[in-house]
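Thanks for coming, everyone. Please have a look at the next slide, and then we will walk through it together.

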Amino acid sequence: MNAANADPHGGGPHHDDLRYVYAVCRPLAAPLAADLTGVGGVPPRQLVHGDLVALVGPVPERDFAEQPLRAHLEDLDWLSETARAHQRVIDALTTVTCPLPLRLATVFRDDSGVRAMLEDGSERFHRVLERIDGRVEWGVKVYMENAEEAKDTASEASDAPRSGRDYLRRRRSQRTAQEENWQRAEGFARELHERLSVHADDARLHAPQNSELSRTPGRNVLNAAYLVSRTHSEEFVELVDRTKDEGAGASPLQVELTGPWAAYSFTGDADDEEDTTA
């Protein structure tokens with residue numbers, strides 16, 4: 001539930017009476033860092049309800065009530081700062097447990113609203129927490145560098161076609177080479193995903209990233225997430241590292257590994273998520 005769904009009439013008059021919820025988890029076996037701060041620079045606290053814990057922090061109504069939040073979400077600077085604070089808490093939590101992260105700007109009126117959320121979602125929370133217990137998420141992306149396009153541009157500048165027929169022949173050759181490179185990249189990504197899925201407890205394929213939005217050079221061929229046991233994570237990382245040299249060739253492929261993260265891609269119900277391990 002976000003601020004738009006919170007009760008706009010309940011709660012006290014204080015400016016910090018809204019509750020920002022970062023994640024749901026089981027009781028922590030170890031304390032969080034004493035200097036950890038979240039949104040607004042305020043340390044998060046644990047709100048216990050039965051055998052579930054919500055990590056929460058107070059946020060001002062002037063920023064997180066429905067109308068001001070809607071305006072803030074259009075402010076990239078505000079959004080970026082809030083996202084960094086949110087992620088900082090999730091990262092700290094992931095070092096001591098396996099949390100179920102909630103969406104950015106999940107806000108309730110007061111503690112009772114958070115408790116109601118935990119009660120209403122108890123069955124799902126327990127099911128997902130059981131699935132991700134002892135596990136973290138690793139992200140793997142494969143990019144096909146645009147080496148062929150750069151080579152084509154340089155070739156055209158230095159060696160202009162002598163005739164229209166020469167130009168058409170050159171363009172057909174370039175398209176053939178690009179298509180071959182793309183097929184090779186897809187094959188490499190497919191084989192890599194199959195290999196990594198065998199060493200993971202679960203896997204998800206995400207839509208390829210737009211290179212302009214991600215500001216990453218090259219075309220995104222694979223964008224996948226893998227749920228891996230903490231105890232097997234070192235082996236998984238070594239497996240990814242060994243594949244990086246396999247991507248070298250006429251059109252080099254770049255393999256990028258990120259993590260370990262909280263299991264963002266695996267916190268929905270299994271029936272609602274695309275199973276990509278087959």
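Let me start with a term. Buried means under 20% relative accessible area, exposed means over 50%, and partly exposed is in between, with a 1.4 Å probe and protein chains only. One more term goes with that. Helices (H or I, at least four residues) and strands (E, at least two) are DSSP runs, numbered from the N terminus.

Now the ground rules. This is a predicted model, where local features need pLDDT of at least 70, side-chain atom pairs count only at pLDDT 80 or more, and totals for chains, interfaces and linings use all residues. Residues are numbered from 1 along each chain as its sequence is written, and side-chain values use heavy atoms, with hydrogens and water left out.

First, the overview. The protein chain has nine helices and nine strands. It holds 278 residues, and 42% of them are buried. The chain exposes about 15,400 Å², and carbon and sulfur atoms supply 49% of that area. Those areas come from the Shrake-Rupley method with a 1.4 Å probe; for residues, only the protein chains shown count as cover. Next, contacts, meaning heavy atoms within 4.5 Å. Take the contacts with a separation of 6 or more: residues 24 or more positions apart account for 81% of them.

On to strand 3. Why is strand 3 largely enclosed by the rest of the structure? Because seven of its eight residues are buried. Now its partners. Two strands pair if DSSP finds at least two bridges between them. Strand 1 and strand 3 run antiparallel, joined by seven bridges. There, Arg19 stands opposite Pro58 of strand 3. Strand 2 is also antiparallel to strand 3, with five bridges. Gln46 has Leu55 in strand 3 as its bridge partner. Strands 2 and 3 form a hairpin with two residues between them. In that turn, Gly50 has a positive phi of about 65 degrees.

A general point about strands. In a regular strand the side chains alternate between the two faces of the sheet.

Stay with strand 1 for a moment. Ala23 lies in it. Ala23 is buried, with a relative accessible area of 0%. What does Ala23 contact, leaving aside neighbours within four places in sequence? Its contacts include Val53, Ala54 and Leu55, and also Ile90, Leu93 and Pro99. Ala23 and Thr106 are 83 residues apart in sequence, yet 9.3 Å apart in space, C-alpha to C-alpha.

So where is Thr106? It sits in the loop between strand 4 and strand 5. Thr106 counts as buried, at 6% relative accessibility. Its side chain reaches the backbone oxygen of Arg103 at 2.7 Å.

Another threonine, Thr97, is in the loop between helix 3 (76-94) and strand 4 (100-101). Thr97 is buried too, at 14% relative accessibility. Not counting residues up to four places away in sequence, Thr97 touches Cys25, Leu28 and Arg230.

That brings us to the cysteines. A disulfide is a covalent bond between the sulfur atoms of two cysteines.

Next, helix 4, residues 111-120. Val114, Met117 and Leu118 are buried there. They cover an arc of only 95 degrees around the axis, which puts them on the same side of helix 4. The arc is that of the directions from the helix axis to the C-beta atoms. What do the buried residues of helix 4 pack against? Among the elements are strand 1, strand 2, strand 3 and helix 5 (122-132).

Last stop, strand 8, residues 219-229. Ten of its eleven residues are buried, so strand 8 is largely enclosed by the rest of the structure. Strand 6 (residues 135-144) pairs with strand 8 in the antiparallel sense, over ten bridges. Tyr143 has Asn220 in strand 8 as its bridge partner. Strand 7 (residues 202-205) also pairs antiparallel with strand 8, over four bridges.

Definitions and conventions. A polar contact is a pair of N or O atoms within 3.5 Å; within protein, one must be able to donate a hydrogen and the other to accept it, and residues adjacent in sequence count only if both atoms are side-chain atoms.
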